[in-house]
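Please look over the sequence and the fold below.

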Amino acid sequence: MNLKNLLVRKGFVKIKLKKINTNHFEIKATVNDVKGRFILDTGASNSCVDISLAKNFNLEVEDSETKAAGAGAIDMETKISSKNTLKLKDWQFNSCTLVLLDLTHVNTALTTHDAKAVHGIIGADILEKGNAIIDYKKKCVYLKKIVYKF
């Protein structure tokens, strides 16, 4: 039995990744029923969306005292948005908290290398929530479906 069949039988969803010019993996996501292009970043502790896209993704934004750092930028102002629906193919998280920050530095680095700008980053919080298994050779990530009890 191959990895895909084993994981699908265990309740995982296979999600394609696209390797872009910067060697990052791009992943398609839907936030509050709005489609977007994100980078999968195992080193990012939180998933985030560019702050300029808050209205686009129907995010209810609150102030945050947390400062963000990463990818060459430090002490960036952040906002936070709770209770969002995040979908990655057939995997869904109905209570997703997203950090909003200026991703200009990320998108400048991407476009400098002839890659398309992204709307946000899928980080370790989502990977952990889905018990992620990344298959680098086959360019996909497996996330275990969340079972909601009503």
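## Strand pairing around β3

Strand β2 (residues 18–19) is joined to β3 by 2 bridges, and the two run antiparallel. Strands count as paired if DSSP finds at least two bridges between them. Strands (E, at least two residues) and helices (H or I, at least four) are DSSP runs, numbered from the N terminus. K18 has E26 in β3 as its bridge partner. β2 and β3 form a hairpin, with 5 residues between them. In that turn, N23 has a positive phi of about 70°.

β3 also pairs with β4, antiparallel, over 7 bridges. Here E26 stands opposite I39 in β4. This hairpin has 2 residues between its strands, and N32 in the turn has a positive phi of about 50°. β3 is mostly covered, with 6 of its 7 residues buried. Buried means under 20% relative accessible area, exposed over 50%, and partly exposed in between (1.4 Å probe, protein chains only).

## Basis of the model

This is a predicted model: local features need pLDDT of at least 70, side-chain atom pairs count only at pLDDT 80 or more, and totals for chains, interfaces and linings use all residues. Residues are numbered from 1 along each chain as its sequence is written, and side-chain values use heavy atoms, with hydrogens and water left out.

## Nonpolar cores

The largest nonpolar core has 27 residues. Such a core is a set of buried Ala, Val, Leu, Ile, Met, Phe, Trp, Tyr and Cys residues joined through side-chain atoms within 4.5 Å. I27, L88, W91 and I122 have the most contacts inside this core. The elements giving two or more residues to it are β1 (12–16), β3 (25–31), β4 (34–40), β7 (73–88), β8 (91–101), α3 (124–129) and β11 (140–144). β8 supplies the largest share, 5 residues.

Leaving aside neighbours within four places in sequence, I122 is in contact (heavy atoms within 4.5 Å) with I27, A29, F38, I39, L40, D41, S47, L86 and L88. A second, separate core has 13 residues, including C48, L101, L103 and V106.

## Aromatic pair

The structure holds 3 aromatic pairs. Rings of Phe, Tyr and Trp (its six-membered ring) pair if their centres lie within 6.5 Å; planes under 30 degrees apart count as stacked, over 60 as edge-to-face, and the rest as tilted. W91 and F93 form a tilted pair, 6.3 Å centre to centre with 50° between the planes. W91 is buried at 0% relative accessibility. F93 is buried at 13%.

## N107 in helix α2

N107 lies in helix α2 (residues 104–112). N107 counts as buried because its relative accessibility is 13%. Leaving aside neighbours within four places in sequence, N107 is in contact with D50, A117 and V118.
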